[in-house]
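The following note is intended for a colleague who is reviewing the structure. Please read the numbered points with the sequence and the model at hand.

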Amino acid sequence: MFEEQVTRVKITSLLILVGMGSMLAAVSTDHWAVLSPRVEKLNTTCQAAYFGLWRLCKKTIFMVEEDPEWKGCGPISLPGEKNCSYFKHFTSGEEAELFEVKTQKEYNISAAAIAIFSLVFMTLGTLCVIFSFGKGRDYLLRPAGMFFAFAGLCIIISVEVMRQSVKRMIDSDETIWFEYYYSWSFACACASFTLLILSGAALLLISMPHMPRNPWETCMDAEPDTLD
């Protein structure tokens with residue numbers, strides 16, 4: 001690769017590392033969304049829930065004073081006893097009584113599976129970038145860019161699936177949830193989508209054949225025709 005091209009790949013790799021870190025933080029943590037029931041009275045305990053792709057956590061909070069901007073239980077940052085349990089994605093077991101099992105399990109299986117595909121694409125893209133630094137292997141930048149773009153698309157699809165899951169539970173009359181908001185794991189997933197899509201596009205542009213700066217370069221570099 002040309003020295004200028006190597007420098008561009010290294011700069012793009014920094015964006016990729018930040019995007020990968022954001023995705024790993026999103027996939028491995030539980031703060032995608034926070035759900036809260038309506039609080040009817042103060043000086044009593046209430047139970048809020050927050051979840052990610054793999055676990056549901058419930059937190060019991062003692063409400064002392066009402067927050068004018070938050071009518072539900074919490075905020076979740078208040079001290080309280082929490083209990084986390086893994087979603088039983090591949091079994092027929094039921095979750096805790098406060099969660100709508102059928103709805104959440106249906107959506108979480110889809111979101112988790114899509115997130116796994118995103119991790120696979122991200123791993124393949126990383127391997128392609130690493131091997132592209134070898135002499136004469138810059139052709140690997142093109143599949144690397146495509147893999148990172150696919151990883152970004154998969155994670156944003158997973159985000160949308162989770163968003164629909166929260167919306168369905170809030171709108172349902174069968175659940176107790178009244179308030180909700182998306183937390184920092186959700187923000188990490190959105191950030192990883194942006195960074196990975198931009199990094200993938202950058203690698204594809206870098207891998208494109210060098211274009212002459214002006215039309216005379218091609219003419220000047222061409223070998224003159226010899227007359228017999």
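1. Glu160 counts as partly exposed at 34% relative accessibility, where buried means under 20% relative accessible area, exposed means over 50%, and partly exposed lies in between (1.4 Å probe, protein chains only). Its side chain meets that of Arg163 in a salt bridge, with 3.0 Å from N to O; the term denotes a side-chain nitrogen of Lys or Arg within 4 Å of a carboxyl oxygen of Asp or Glu. Arg163 is likewise partly exposed, at 30% relative accessibility. Both residues belong to helix H3 (residues 141-171) and are three residues apart, about one turn of the helix. Helices (H or I, at least four residues) and strands (E, at least two) are DSSP runs numbered from the N terminus.

2. This is a predicted model, in which local features need pLDDT of at least 70 and side-chain atom pairs count only at pLDDT 80 or more, while totals for chains, interfaces and linings use all residues. Residues are numbered from 1 along each chain as its sequence is written, and side-chain values use heavy atoms, with hydrogens and water left out.

3. Confidence is expressed as pLDDT, the predictor's confidence in each residue, from 0 to 100. The chain averages 79, and 77% of the residues score at least 70.

4. The chain contains five helices and five strands. Their order along the sequence is α-β-β-β-β-α-α-β-α-α. Of the 228 residues in the chain, 40% are buried. Among contacts with a separation of 6 or more, 67% come from residues 24 or more positions apart. The chain exposes about 13,600 Å², of which carbon and sulfur atoms supply 62%; accessible areas come from the Shrake-Rupley method with a 1.4 Å probe, and for residues only the protein chains shown count as cover.

5. The structure holds two salt bridges. Besides the pair in point 1, Arg55 forms a salt bridge with Asp30, the closest N and O atoms being 2.5 Å apart. Arg55 lies in strand S3 (residues 55-63) and Asp30 in the loop between H1 and S1, so this pair ties together parts that are 25 residues apart in sequence. Asp30 is buried, with a relative accessible area of 9%, whereas Arg55 is partly exposed at 25%.

6. Thr29 lies in the loop between helix H1 (3-28) and strand S1 (33-37). It counts as buried at 17% relative accessibility. A polar atom of its side chain lies 2.4 Å from the backbone oxygen of Ala25, and the side chain of Thr29 also makes a polar contact with the side chain of Ser185 (2.5 Å). A polar contact is a pair of N or O atoms within 3.5 Å; within protein, one must be able to donate a hydrogen and the other to accept it, and residues adjacent in sequence count only if both atoms are side-chain atoms. Not counting residues up to four places away in sequence, Thr29 touches Gly52, Leu53, Trp184 and Ser185.

7. Which residues does Ala151 contact, leaving aside its neighbours within four places in sequence? They are Met23, Ser118, Phe121, Met122 and Leu196. Ala151 is found in helix H3 and counts as buried at 0% relative accessibility.

8. Asn108 is buried, with a relative accessible area of 0%; Asn108 and Ser158 are 50 residues apart in sequence and 9.0 Å apart from C-alpha to C-alpha. Ser132 also counts as buried at 0%, and a polar atom of its side chain lies 2.6 Å from the backbone oxygen of Val129. Ile116, by contrast, is partly exposed at 43%.

9. Ile116, Val120, Leu124, Leu127, Ile130 and Phe131 make a nonpolar surface patch of about 520 Å². Patches are made of residues with over 30% relative accessible area and no salt bridge; like charges are joined within 9 Å, and nonpolar side chains (Val, Leu, Ile, Met, Phe, Trp, Tyr) within 5 Å.

Conventions: Contact = heavy atoms within 4.5 Å.
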